[in-house]
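Dear colleague,

Please find the structure below.

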Amino acid sequence: MGAGGRMSIPSEGKKSKSDVIQRVPHSKPQFSLGDIKKAIPPHCFQRSVLRSFSYVVYDLTIASLLCYVASTYIQFLPNPLSYFGWLLYWICQGCVLTGVWVVAHECGHHAFSDYQWLDDTVGLILHSSLLVPYFSWKYSHRRHHSNTGSLERDEVFVPRVKSGIRWISKNLNNPPGRVLLLVFQLTLGWPLYLMFNVSGRHYDRFACHYNPHSPMYSDRERAQILISDAGVLAVTCGLYRLTAAKGLAWVFCVYGGPLLVVNGFLVLITYLQHTHPSLPHYDSSEWDWLRGALATVDRDWGILNRVFHNITDTHVSHHLFSTMPHYHAMEATKAIKPILGNYYQFDGTPIFKAMWREAKECIYVERDEGDQNKGVFWYNNTL
């Protein structure tokens, strides 16, 4: 297990201490990106159109079967069981559609095929179907990969320094407050990020994923932002017509409920990948791309690792080589661990326990007292 893994440290006369955090090294590593790449078998960088499409077909087939079973048979269940049936459908379908989301995410990284036009076409269709503006997110996410771990330039889940903590964070730093914040984050966090850049990088003016003139986009990207908007609008119009034909309750049960689960998983996966007490964050005086890319963590989601196409437990390798297809990422991860050593971070803490711990302990970042590396920041556990 890499740095940040859980360790048991015995203490004389006392119970063993568990859950002790080992920080990821923050000094410049002795290896280079080229050294890491050499450790990975060359075939891991090869993209197959047929294999990539097989995951699309597989996911959509399961999603279609779940939709058919739910819309056909749940209505015949007695009332208490029907509510449970719909909830179970939302969870199962949400998990499968999160896998679809991950494939579209792969298209945004040009990891789906060797053809950019094909990647963008597939990604636009899949992401639009989940009300995600494909090109808008593709470009902001690309900037996240270019600036991971930077306090000034990272795009998502940028931690606050102590002086930037708001009063509401202090007042909600208790069990009921954390529950409220987590529920808010998992239900509304994704749409608020897309619309208002909540939890994202600070810009001098209003930033929105639907606005082609948003400061997060360059002039050459603006036309594609409009294409993304058109894709989301087309699906929204389709949902409106479906609502007129089937009713709002039917559309929410079949589509809306699973979409809420997808959005919640997306936020939670990203949050846990980039939020951990062992991970350093850097200001401009210390940040460099390789150390920033290594400032992320692999998590164990159990059986959902496969459902989510291993985006959860191969995230470190993904940040190092984002054009690598997901079906080679596990092999690549195993190959780079000996090279990375303590720079590789894995945490096998159960997901809900990890979510609660990070919400409790990862409140703000600050420099270590007396640390000569003044540009390195760590999460502090108290307010």
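**Arg 299 and its surroundings**

Leaving aside neighbours within four places in sequence, Arg 299 is in contact with Leu 272, Thr 275, His 276, Asn 305, Thr 312, Asp 313, Phe 346, Asp 347, Ile 351, Ala 354, Arg 357 and Glu 358 (contact means heavy atoms within 4.5 Å). This is a predicted model, in which local features need pLDDT of at least 70, side-chain atom pairs count only at pLDDT 80 or more, and totals for chains, interfaces and linings use all residues. Residues are numbered from 1 along each chain as its sequence is written, and side-chain values use heavy atoms, with hydrogens and water left out.

Arg 299 belongs to strand β2 (residues 298–299); strands (E, at least two residues) and helices (H or I, at least four) are DSSP runs numbered from the N terminus. Arg 299 counts as buried because its relative accessibility is 1% (buried means under 20% relative accessible area, exposed over 50%, partly exposed in between, with a 1.4 Å probe and protein chains only). Its side chain reaches the backbone oxygen of Leu 272 at 2.9 Å.

**Nonpolar cores**

A nonpolar core is a set of buried Ala, Val, Leu, Ile, Met, Phe, Trp, Tyr and Cys residues joined through side-chain atoms within 4.5 Å. The largest has 55 residues, of which Trp 101, Trp 190, Phe 265, Trp 301 and Phe 308 touch the most other members. Helices supplying at least two residues each include α3 (79–108), α7 (175–196) and α9 (248–274). The largest share, 12 residues, comes from α9. Not counting residues up to four places away in sequence, Phe 308 touches Cys 95, Thr 98, Gly 99, Val 102, Phe 265, Ile 269 and Trp 301. Another core, of 19 residues, lies apart from the largest one and has Val 316, Phe 321, Ala 332 and Tyr 343 among its members.

**Cavities**

How many cavities of 30 Å³ or more does the structure hold? There are 2. A cavity is a set of points, on a 1 Å grid over the protein atoms alone, where a 1.4 Å probe fits but cannot get out; lining residues have an atom within 4 Å of a point. Grid points are joined across faces, edges and corners, and a volume is the space filled by probe spheres set on the points.

The largest cavity has a volume of about 100 Å³. Of its 15 lining residues, Glu 106, His 318, Met 324, His 326 and Ala 329 lie nearest its centre. The second largest cavity holds about 70 Å³, and its lining includes Thr 148, Asp 154, Phe 157, His 274 and His 281.

Yours sincerely

How values were computed. A polar contact is a pair of N or O atoms within 3.5 Å; within protein, one must be able to donate a hydrogen and the other to accept it, and residues adjacent in sequence count only if both atoms are side-chain atoms. On a 1 Å grid over the protein atoms alone, a cavity is a set of points where a 1.4 Å probe fits but cannot get out, and a pocket is an open set with protein on both sides within 12 Å along at least five of seven lines; lining residues have an atom within 4 Å of a point.
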